[in-house]
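Here are my notes for a colleague who is opening this model for the first time. Please read them with the structure on screen.

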Amino acid sequence: MTPAPAEPAAVRTHRRRPPPGPTGGRLANLRERFSDFPGFLSRLNREYGDVVSYQLPGKDFCVVFDADLIREMLVEKRRFFLKSSLYDVSDRFITKPAVFISEGDDHRRRRKLVERVFGQEHLEAYAEIMVENARALQERWSTGEALDAAREMHRVARTIAFGTFFGRDRQDAQGIGATAVRAFKRDLAIGFLPLSGLLRSLPLPGNIRAARTCRALDEIVFEAIRRARDPHYDGSDLTARMVRSRDAAGIDSAFSDEEVRNEIYVLLLANFDPMASALTWSIDYITRNPTVRERLEQEADEVLGDRPITVADYARLPYARGVFLEAGRLTPPNYYFDREAEEDCSLGGYEIRKGTIMQPCFRVCHRQARHWSQPDEFRPERWLTDQPPSTCPQHAFLMFSHGPRACLGREFATMEGTYILASIAQGFRLEAVADRPPKVDGTLLYMVKGGLPIIATARRSSRTGSTRVPRSSASQ
């Protein structure tokens, strides 16, 4: 793609007005940012429009809600908006640049090597682990059992991640991966606070736990790298694929061990909670939309019948895939991200000053009536023909971002969501326990807060031929 031309000097020097937004109140904004960030962003959009500025202590922000302006920012003017300094996490997590935080030629090289890891020829090996875990999830549940869907989806997402990243013989029995992700998220959150560098360096309990967790995860990652470098090892795990990834033209160098380690850390962060959250929201929508639930069950019956789900079923489960994508439209786990203006420029007719942290907000963009029919309704059928629907421009669906930094694991995540939801629908009817939608934790991701209680009632006998026995109402 041809790089976007520099803005003419007349444009750069012409005095444009800054984006509207609340004035003052930096501490009040910080408090609202950590107490209810999704609600804060929605309020800014309602009160000020599609491009809004706000301030936190020591930092200026600009939120972009309009799909066309988000595309302009991510594609046409991408050279003005680079990765934010908020992504400068402690070097206990990322010791060298990774595809997540690199720029320019370095980003191009890293992205090309990681992209090969998610190539179509490798997805089937990952899918085998996904379906194994989908079957195991179905076998583990009992009829009439009260479950926390959020906990169950975090469990299955972690198990699939470890199996695909390190091999099916490598399980996260100690919860190291999940603990590392929590520590990583805590470190990212510190980046919004004044004196973040000092806070990350102090011997605080959270920092000490993070260092200990990283050492434990490093042992797992470097063992997987050493195994992958053994010429006799023929495993198909993601780490091995990354170790073997090469530039077909022979121009760019392959990853070093430390680079592989950093990319694995980033991919774990991008996989664990976002995948679990997307599945949890999918289940919440299924339980609250009986028509959707029945159609999903019908598809599972027609395609799977009484047999276990297989890798080959993916293409035959378009409605399950639509449920996953529609949940991602209404409640995208990564509902915003940060870029930083590298120089003074303009966007949407507004002046953007150098150093401003830009925040495209996907959740609001996904509900704009000019791009989506019945935007606030959960309608998986809109995904049955095109992705996204033909009536909607591609850049108006940003669950996996857009442009040169679009998520490389899009197909990986969509396959995982499809297999899990279809297998659950085959074995169980899900019902909500609470009358109200779940609470939201929007600190960094759009996640269910406090769990999602559901009742799972068996729809058929298990594939081993045994019948799940309903529990008494008293035990429920």
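1. Start with helix H8 (residues 176–190). Its 15 residues should span 21 Å at 1.5 Å a residue, and its end C-alpha atoms are 21 Å apart, which agrees. The expected span is 1.5 Å times one less than the number of residues. Helices (H or I, at least four residues) and strands (E, at least two) are DSSP runs, numbered from the N terminus.

2. A word on the source. This is a predicted model, where local features need pLDDT of at least 70, side-chain atom pairs count only at pLDDT 80 or more, and totals for chains, interfaces and linings use all residues. Residues are numbered from 1 along each chain as its sequence is written, and side-chain values use heavy atoms, leaving out hydrogens and water.

3. H8 is mostly covered, with 12 of its 15 residues buried. Buried means under 20% relative accessible area, exposed over 50%, and partly exposed in between (1.4 Å probe, protein chains only). The buried set includes Lys185 and Asp187 as well as Phe184 and Leu188. Among the elements that cover these residues are helix H2 (26–35), helix H7 (149–166), helix H10 (205–229) and strand S11 (447–449).

4. Next, the core. The largest nonpolar core has 143 residues, and Phe93, Trp141 and Ile420 are among those with the most contacts inside it. Helix H12 (residues 257–288) gives the most to this core, with 16 residues. Such a core is a set of buried Ala, Val, Leu, Ile, Met, Phe, Trp, Tyr and Cys residues joined through side-chain atoms within 4.5 Å. Leaving aside residues up to four places away in sequence, Ile420 touches Met130, Ala134, Leu137, Met153, Val156, Ile160 and Leu279. Contact here means heavy atoms within 4.5 Å.

5. Look at the aromatic rings. The whole structure holds 21 aromatic pairs. Phe162 and Phe272 form a tilted one, 6.4 Å centre to centre with 50° between the planes. Phe162 is in helix H7 and Phe272 in helix H12, 110 residues apart. Both are buried. The rings of Phe337 and Phe362 have centres 5.3 Å apart and planes at 70°, so this pair is edge-to-face. Rings of Phe, Tyr and Trp (its six-membered ring) pair if their centres lie within 6.5 Å; planes under 30 degrees apart count as stacked, over 60 as edge-to-face and the rest as tilted.

6. Two charges sit over rings. Arg33 lies over the face of Phe34, at 5.0 Å from the ring centre. The charged end of Arg329 is over the ring of Trp372, 5.1 Å from its centre. The test asks for NZ of Lys or CZ of Arg within 6 Å of the ring centre and within 35 degrees of the ring normal.

7. Now strand S2 (residues 59–64), where 5 of the 6 residues are buried. Strand S1 (residues 51–56) pairs with S2 in the antiparallel sense over 6 bridges. Strands pair if DSSP finds at least two bridges between them. S1 and S2 form a hairpin with 2 residues between them, and Gly58 in the turn has a positive phi of about 80°. S2 also runs parallel to strand S8 (residues 357–360), joined by 4 bridges.

8. Finally, check two backbone angles. Leu195 has a positive phi near 60°. Leu195 is exposed, at 64% relative accessible area. Gln374 has a positive phi near 45°. At 41% relative accessibility, Gln374 counts as partly exposed.
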